[in-house]
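Let's take a guided walk through a protein chain together.

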Amino acid sequence: MIKYEIKNICCIGAGYVGGPTMAVFAKHCKNLKIVVSDINESRINGWNKKDTSYLPIYEPGLEEIILNCRDQNLFFTTNVKDSIAKADMIFLSVNTPTKTKGIGAGKASDLRWVEASARQIAEYSKGHTIVVEKSTLPVRTAKTIEKILFNTQSNSDLNSDKTFSVLSNPEFLSEGNAINDLENPERVLIGGEDKLAIESLAELYLNWVPEEKIIRTNIWSSELSKLTANAFLAQRISSINSISALCELTEADIKQVSTAIGFDSRIGNKFLNPGPGFGGSCFQKDILNLVYLCEYYKLNEIAKYWEQVVKINDWQKKRISTLIVNSLFGTVSAKKLSILGFSFKANTNDTRNSASIKICNDLLEEGAILSIYDPKVEKKQIEKDLNILASNKNSENDQNKWFYADSIENSIDDSHAIVILTEWNEFSNLEFDLFFKKMKRPAWIFDTRSIIDIIKAERAGFNVWQIGNYSKLNSKI
Ligand code: NAD
Ligand code: UGA
């Protein structure tokens, strides 16, 4: 089959998806010139800094690929216009957050960045361009993109040879494991109507992905599959979290329960770890988007079914902050608490929608003094998320404030409790004996990720609450 000739690729959006995805394309498709463009200048500067410790995104394995491909066949620029004009294929990797106002506020996706990009493509592209949806989008967005591409061209363009094919190629990477997911995807999904365009994109993937992993579908199935995959994954977490609460009261152990059910190959053993509630930029937004779509099509019972996944997630976060307060004699006012972990999961610096934000806010509202440590999240990001500037260690010790700690040790001095919120490896092996001596009594550990050895911690003198783990202390909270 004759395919379109693809030599130049442009990716609009240099974020958590655009950056790593294009890096892996560049690694495996040396004959392509790939330009990743973004309107965010500081992000682009970060991608271009010689010292790769400044990369705007932390992902294991990313740095090495950037060092090998950058300025060879991979480029980062703010010149969106120029990169569109030269591209045979354009990936749309822009953000699609939940709308905060107007019709569908709180549920529908805000498509303003997608529309702006489509308008730019309509204006600056030349010849035939394959436009690939990489962003997660509501089903039938491709139609909107097509309308924009065909209807917003200027009069002079209408007589030109400008043509488009629109494809859906959702991204399934998970942060912290992005490079591995991109290098060895479980599947690559390509939806579209133009068979030549589908095969042109498939041909690029075939440089490193086996043919049997490439799924071709119609464009609407592809768009809806992405939302559905995220909804199913998030539903699994709400399910295991709901059972974790029951375990804590019934002497069942969530680890034993998840192992037991995971042996059933229909259930599978992955993605069954209880936690403080799922975070990240996508699960909540994608489920709410699905809820909105169902409501739009008058499938109200289905909308309510999926909405419950998000409600359980909110409940889990609240349940944890409440039990921390209750176990510290009903008040955390002016008490120092050591918070370990602020990113929404381990191995990423991303804090979007992190359970830590909600739990920290609840504790601050109760008057706690938080000392927050995360190996990869910067102070200014936490300030932005909590909307409170970090305090200076030497200042007075009243309530409702937080300190930025640069190590676990520095965060625990004089604190009443350690609260583990992210499953970073270094939190699973705490020096219990040493830390216990430095803390106020009774000293507590709240392990929301179930990563510490509860027996060792109790032996050192700690009171321990661990998610999904019955203990006499749990039952009193
Ligand atoms: P992000 O916010 O990190 O990156 C998006 C980037 O697009 C930003 O840097 C923004 O400045 C840029 N941008 C917006 N409008 C632009 C324009 N007109 N021109 C140039 N640049 C523009 O978002 P992300 O996490 O990379 O997610 C992008 C999309 O991918 C979303 O739809 C998301 O749902 C989906 N997705 C994300 C993940 C993930 O793990 N983060 C995984 C799969 C899919
Ligand atoms: C998720 C999906 O896993 C990806 O396939 C998808 O591409 C991506 O969303 C997206 O569309 O953005 P991501 O959010 O990066 O990826 O990370 P996950 O590993 O899915 O974790 C999401 C949240 O669930 C985290 O807060 C994590 O701590 C939590 N989680 C995950 C649990 O509490 N328990 C688990 O067993 C797994």
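What covers the buried residues of α15? The cover includes α14 (355-365), β10 (369-373) and β11 (401-404), where contact means heavy atoms within 4.5 Å. Before going on, please note that this is a predicted model, in which local features need pLDDT of at least 70, side-chain atom pairs count only at pLDDT 80 or more, and totals for chains, interfaces and linings use all residues. Residues are numbered from 1 along each chain as its sequence is written, chains are lettered from A and ligands numbered from 1 in the order in which they are written, and side-chain values use heavy atoms, with hydrogens and water left out.

Let's stay with α15, which spans residues 379-386 and has I382, E383 and L386 as its buried residues. Buried here stands for under 20% relative accessible area, exposed for over 50%, and partly exposed for what lies in between, with a 1.4 Å probe and protein chains only. Looking down the helix axis, you find the buried residues of α15 within an arc of 105°, so they line one face of the helix; the arc is that of the directions from the helix axis to the C-beta atoms. On the face turned away from that buried side, α15 carries the exposed residues K380 and K384.

Just after α15 comes N387, with a positive phi of about 60°. N387 belongs to the loop between α15 and β11 and is exposed, at a relative accessible area of 70%. A second residue to look at is N353, a non-glycine residue whose phi is also positive, near 60°. N353 sits in the loop between β9 (336-340) and α14, and its relative accessible area of 33% makes it partly exposed. As background, most residues other than glycine have a negative phi, and most peptide bonds are trans.

The backbone has a cis peptide bond from R441 to P442, with omega near -10°. You can find P442 in the loop between α17 (432-438) and β13 (444-447).

Another loop, between β4 (89-92) and α5 (112-124), holds G106. G106 is partly exposed, with a relative accessible area of 38%. Setting aside neighbours within four places in sequence, G106 is in contact with T98, K99 and L288. From G106 to L293 there are 187 residues in sequence, while their C-alpha atoms are 13 Å apart in space.

Now for the whole chain. It has 19 helices and 14 strands; these are DSSP runs numbered from the N terminus, helices being H or I of at least four residues and strands E of at least two. The radius of gyration is 24 Å, close to the 23 Å that the globule rule gives for 477 residues, so the chain is as compact as a globular protein of that length. That radius is taken over C-alpha atoms, and the rule is 2.2 Å times the number of residues to the power 0.38. Along the principal axes, the C-alpha atoms fill a box of roughly 80 × 50 × 45 Å.

Of the 477 residues, 53% count as buried. Among contacts with a separation of 6 or more, 74% come from residues 24 or more positions apart.
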